[in-house]
Every structure is written in structure tokens, then in C-alpha cells.
Amino acid sequence: MLDERFDLRRPDGAVLAVRTAGAERPAVTAVLVHGWTMTGASWQPVVDRVLAERPDVAVVRPDQRDHGDSRPALGGGEPSIAVLADDLAAVVDRAAPQGPVVLAGHSMGGMSVLAAVDRHPELRDRLAGVLLVNTAADRLRPRPWVARVMRLLAAAPAAVRVPRVPGPLARRYGYGRSAPPDVVRRVRAGVPPPTARSTGGWYLALSVFDGTGHLRALDGVPVTVLAGQRDRLTPPEHSARLAARLPGARVEVVPGAGHMLMFEHPDRVAAALLDLLPVSGGRS
């Protein structure tokens with residue numbers, strides 16, 4: 001079984017930390033993309049369950065640029081979902097150069113997935129399925145004061161880090177009411193504080209993202225959309241809009257859940273991912 005990490009250098013100097021686990025000769029590869037201010041480790045509860053059920057699968061988890069152990073472009077660069085999409089395609093090309101692929105994205109990671117499939121037809125041709133978790137294709141529309149704060153953070157010196165969000169605030173905006181307190185504490189403690197520049201810059205990038213034009217690339221691809229009923233960051237109406245533009249997509253709204261479905265309901269997320277994984281090459 002694989003359990004490795006490698007670094008992938010991009011043309012603009014960014015370095016992506018990528019972790020792989022599972023089968024060395026997989027029947028299918030699942031590439032899991034994390035959200036804003038998170039890391040690839042946010043998928044760990046799901047990875048554990050998927051590999052327990054499907055030891056013939058390989059799982060790839062990059063830290064998106066400027067997050068976790070990955071580094072930004074030389075000189076910083078301009079944050080955009082298009083850049084993350086191109087990074088994702090490069091990760092797939094390096095970590096899973098052949099065979100069917102399932103892409104899963106949480107929050108900003110879902111946006112990266114949508115853009116990558118459209119911008120890279122060679123990736124789309126290998127897709128066995130797509131899982132979109134707590135995400136949106138457009139219309140995030142942050143409140144004006146939030147946008148102002150994020151612009152200030154984006155302009156901060158590179159070394160300045162954002163303090164951890166206070167526990168009550170993390171629970172209110174990240175989780176549903178039924179989330180176990182120990183889960184909220186553990187996740188909050190386990191995510192390294194991001195830089196102010198990364199926090200602000202990538203928030204602004206995702207807030208202006210309009211991925212509606214990318215959705216046509218998913219025609220004929222099995223898609224599952226998961227939403228939390230009490231998600232305050234990407235409310236379930238975003239999932240409804242995605243579903244309306246993706247005929248045939250399966251949509252599941254988890255009652256009482258918030259924005260962190262991988263931690264609140266890892267069994268539900270793992271089950272949705274397992275349903276998309278073909279038993280042997282090709283689409284389900």
C-alpha cells in the first residue's frame with residue numbers, strides 16, 4: 001500500500017505538497033481537493049473509510065498552493081481558481097497518469113474541480129465521476145465588510161499569520177448544531193494558522209468565481225452534490241443551482257449539517273465517494 005508524499009514544482013515557482021495512499025496499481029484513483037484555509041488532511045476521515053472498503057483504490061490529496069505544506073508562486077502571484085485548476089490537472093498527470101479518475105472537491109476545492117475539468121479536456125476524458133461537497137459555482141456575494149477585511153488581509157506582509165478562529169465562531173460558521181464538540185476542537189487545533197495574505201487573497205478569488213460556464217464539461221459524467229442543511233458559508237441553495245445545471249446529478253442535503261461534512265458526517269461523504277468509484281476500469 002502506498003503512503004507517500006512528493007513535491008510538485010509549478011512553472012511560476014509554486015510548490016505543491018501531494019500525498020498519495022492506497023493501491024500501487026489502482027483500479028481507479030480518487031483525487032481529493034480541500035477548501036479555503038484547509039489542507040489535504042481535511043479528507044483523512046473519508047480516506048480511512050474509503051481505503052478500508054476499497055484497497056484497490058489509490059487516493060491523492062494535494063495541499064493547494066499557498067495552503068498547508070505547499071508554497072505560493074515566486075513573488076506571490078495573483079490568486080485565481082483558474083490557477084488552482086491548472087495545478088490540479090498537473091497533480092493528476094503526475095500522480096495518476098493513467099486509468100480512471102474520480103475528482104472530489106470541498107468548498108473552494110469543488111471550484112478547482114469544476115474549472116479543471118473544463119480547462120483540461122484530457123482530464124475530462126478519464127473521469128469516472130465527480131463529488132462536490134459544500135461548494136458553489138457562483139453568487140457567493142460576501143457582505144461588504146467581509147470583502148473589506150479580506151482585502152486588508154490580502155495586502156498584509158507575507159509572514160503575518162491569522163490567529164485561529166475562536167471556538168464558538170468556528171462552530172457557528174463551520175458546523176451544524178449536532179457536531180460533536182470534540183470534533184470541532186480537534187479540527188480547529190489540527191489546522192495550522194494560514195497567512196493573512198493567503199486567507200484574504202484566496203477568499204477574494206473564490207468570491208468572484210463564476211463557474212457556470214464550466215458545468216457543460218460535466219455532461220455525461222456521474223456527479224454527486226452534497227450539502228449541509230445549515231451550511232452558512234455555501235448554503236444549500238448553491239447545491240440546488242448546481243443540480244439545476246447538471247441534469248442527472250444526484251443531490252443530497254444532510255439534515256442539520258454545516259460546512260464541514262467530511263468531519264461531521266464522514267460516513268456519508270465516504271459512501272458518496274464509494275458509489276462513484278468504478279469496480280473495474282471505466283465509468284460506473
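This is a quick walk through a few local features of one predicted model.

Okay, housekeeping. Numbering starts from 1 along each chain as its sequence is written, and side-chain values use heavy atoms, with hydrogens and water left out. Since the model is predicted, local features need pLDDT of at least 70 and side-chain atom pairs count only at pLDDT 80 or more, while totals for chains, interfaces and linings use all residues.

Let's start with the hairpin. Strand 1 (residues 2-9) and strand 2 (residues 15-22) run antiparallel, joined by 8 bridges; strands here are DSSP E runs of at least two residues, helices H or I runs of at least four, numbered from the N terminus, and pairing takes at least two DSSP bridges. Asp-7 has Ala-17 in strand 2 as its bridge partner. There are 5 residues between the strands, and Gly-13 in the turn has a positive phi of about 95°.

Next up, helix 11, residues 266-276. Its buried residues are Pro-266, Val-269, Ala-270, Ala-272, Leu-273 and Leu-276. They span an arc of only 160° around the axis, so they sit on the same side of helix 11; that arc is taken from the axis-to-C-beta directions. Asp-267 and Asp-275, on the other side, are exposed. Buried means under 20% relative accessible area, exposed over 50%, partly exposed in between, with a 1.4 Å probe and protein chains only.

Last one: His-214, in the loop between helix 8 (196-207) and strand 7 (223-228). At 16% relative accessibility, His-214 counts as buried. Leaving out residues up to four places away in sequence, His-214 touches Leu-114, Ala-115, Asp-118 and Phe-209, where contact means heavy atoms within 4.5 Å.
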